[in-house]
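Let's get to know a protein chain together through a few questions and answers. Take a look at it here before we start.

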Amino acid sequence: MDGIEVKHRHTGAVLHSGEHETLKDAVAAATKGGADLRGANLSEAYLRGADLCGASLSGADLRGANLSEAYLRGADLCGASLSGADLRGANLSEAYLRGA
């Protein structure tokens with residue numbers, strides 16, 4: 001396992017870090033632990049099938065991310081950059097998408 005960090009898209013501040021196999025595992029663990037991932041840099045991230053229920057991802061950079069079949073129920077994606085993101089089959093019920 002490697003130490004993986006999720007950083008803020010503008011400041012580079014570390015929002016979450018830990019020993020995880022993949023970035024997908026890191027983001028899922030951060031979400032499960034209630035981490036604030038607002039503004040996270042997740043562009044081009046492979047998050048297919050990730051359980052991100054209730055994730056705090058407002059203002060996150062998710063451009064080109066693979067979020068297909070991801071569980072995003074109740075996630076806060078307000079103002080997130082989703083251009084080119086693959087959302088096929090993603091569960092977005094009750095997700096907050098204003099300005100995304």
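Q: Is Gly 54 buried, partly exposed or exposed?
A: Buried means under 20% relative accessible area, exposed means over 50%, and partly exposed is in between (1.4 Å probe, protein chains only). Gly 54 has a relative accessible area of 44%. That value puts Gly 54 in the middle class, so the word for it is partly exposed.

Q: What should I know about the model before reading on?
A: This is a predicted model, where local features need pLDDT of at least 70, side-chain atom pairs count only at pLDDT 80 or more, and totals for chains, interfaces and linings use all residues. Residues are numbered from 1 along each chain as its sequence is written, and side-chain values use heavy atoms, with hydrogens and water left out.

Q: Which residues is Gly 54 in contact with, leaving aside its neighbours within four places in sequence?
A: Gly 54 sits in the segment after α1. Contact means heavy atoms within 4.5 Å. With the neighbours within four places in sequence set aside, the partners of Gly 54 are Arg 73, Gly 74 and Ala 75.

Q: How many Å apart in space are Gly 54 and Glu 94, C-alpha to C-alpha?
A: Along the sequence, 40 residues separate Gly 54 and Glu 94. In space, their C-alpha to C-alpha distance is 9.3 Å.

Q: In what order do the elements of the chain run from the N terminus?
A: Helices (H or I, at least four residues) and strands (E, at least two) are DSSP runs, numbered from the N terminus. Reading from the N terminus, the order is β-β-α.

Q: What is the radius of gyration of the chain?
A: This radius is taken over C-alpha atoms, and the globule rule is 2.2 Å times the number of residues to the power 0.38. For 100 residues the rule gives 13 Å, and the chain comes close to that, so it is as compact as a globular protein of that length. The radius of gyration of the chain is 12 Å.

Q: What percentage of the residues of the chain count as buried?
A: The chain has 100 residues. Using the cut-off already given for buried residues, the share is 36%.

Q: Which side chain makes a polar contact with the side chain of His 20?
A: His 20 belongs to strand β2 (residues 14-20), and it counts as buried because its relative accessibility is 13%. A polar contact is a pair of N or O atoms within 3.5 Å; within protein, one must be able to donate a hydrogen and the other to accept it, and residues adjacent in sequence count only if both atoms are side-chain atoms. At 3.2 Å, the partner of His 20 is the side chain of His 16.

Q: Which residues is Gly 18 in contact with, apart from neighbours within four places in sequence?
A: Gly 18 lies in strand β2 and, at 21% relative accessibility, counts as partly exposed. Gly 18 and Asp 2 are 16 residues apart in sequence but 8.0 Å apart in space, C-alpha to C-alpha. Beyond the excluded neighbours, Gly 18 touches Asp 2, Gly 3 and Ile 4.

Q: What is the phi of Glu 44 near?
A: Glu 44 is found in the segment after α1 (23-32), and it is exposed, with a relative accessible area of 61%. Its phi is positive in a residue other than glycine, with a value near 65°.
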